[in-house]
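Please keep the sequence and the model open beside them as you go.

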Amino acid sequence: QVQLVESGGGLVQPGGSLRLSCVASGFTFSSYAMTWYRQAPGKERELVAHITRTSTTNYADSVKGRFTISRDNAKNTVYLQMNSLKPDDTAVYYCKASRLPYWGQGTQVTVSS
């Protein structure tokens, strides 16, 4: 069955960095674009970053220049490097494969001093 397991979240001070990972299984990872989403308390889930099968990337305006999405098809893993974190980045972060209706459990990112 399809599984998506996110990790790497935590508590970090403003200006700090975190690297999230999402390990996928149950489907041919290299055949799917992957997307990171986030959901803050009381807000709708929003797209953060997207990477195609050929590693073309795009980002939400709010994270451009600070976040970098990448993938390692040999490890069935997609990453989200987050730098210069702000309190507004506080949310649960999820990864998702395009066209598949599955979500992982998410990983909590809290940016606070």
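1. Helices (H or I, at least four residues) and strands (E, at least two) are taken here as DSSP runs, numbered from the N terminus. Counted in that way, the protein has 0 helices and 10 strands, and the order read along the sequence is β-β-β-β-β-β-β-β-β-β. The radius of gyration, taken over C-alpha atoms, is judged by a globule rule of 2.2 Å times the number of residues to the power 0.38. For this protein the radius is 13 Å, close to the 13 Å that the rule gives for 113 residues, so the protein is as compact as a globular protein of that length.

2. A word on the basis of these notes: this is a predicted model, in which local features need pLDDT of at least 70 and side-chain atom pairs count only at pLDDT 80 or more, while totals for chains, interfaces and linings use all residues. Residues are numbered from 1 along each chain as its sequence is written, and side-chain values use heavy atoms, with hydrogens and water left out.

3. Along its principal axes, the C-alpha trace spans about 40 × 25 × 25 Å. Buried residues (under 20% relative accessible area, where exposed means over 50% and partly exposed means in between, with a 1.4 Å probe and protein chains only) make up 45% of the 113 residues. Taking contact to mean heavy atoms within 4.5 Å, 53% of the contacts between residues at least 6 apart in sequence join residues at least 24 apart.

4. Strand pairing deserves attention next, and two strands pair if DSSP finds at least two bridges between them. Strand β4 (residues 34-39) and strand β5 (residues 46-51) run antiparallel and are joined by 5 bridges, with tryptophan 36 having alanine 49 in β5 as its bridge partner. Their hairpin has 6 residues between the strands, and glycine 42 there takes a positive phi near 75°.

5. Strand β5 is also joined, by 3 bridges and again antiparallel, to strand β6 (residues 57-59), and the bridge partner of isoleucine 51 is threonine 57 in β6. The hairpin of β5 and β6 has 5 residues between its strands. Serine 55 lies in that loop and has a positive phi of about 70° although it is not a glycine; with a relative accessible area of 41%, serine 55 is partly exposed.

6. Strand β7 runs antiparallel to strand β8 (residues 77-82), to which 6 bridges join it, and aspartate 72 has threonine 77 in β8 as its bridge partner. In this hairpin, with 4 residues between the strands, asparagine 76 takes a positive phi near 50°, although asparagine 76 is a residue other than glycine. Asparagine 76 counts as partly exposed, at 26% relative accessibility.

7. Finally, consider glutamine 105, whose place is in the loop between β9 (91-97) and β10 (107-111). Glutamine 105 is 100 residues from valine 5 in sequence, and yet the two are 6.8 Å apart in space, C-alpha to C-alpha. Leaving aside neighbours within four places in sequence, glutamine 105 is in contact with Leu4, Val5, Glu6, Val92 and Tyr94.
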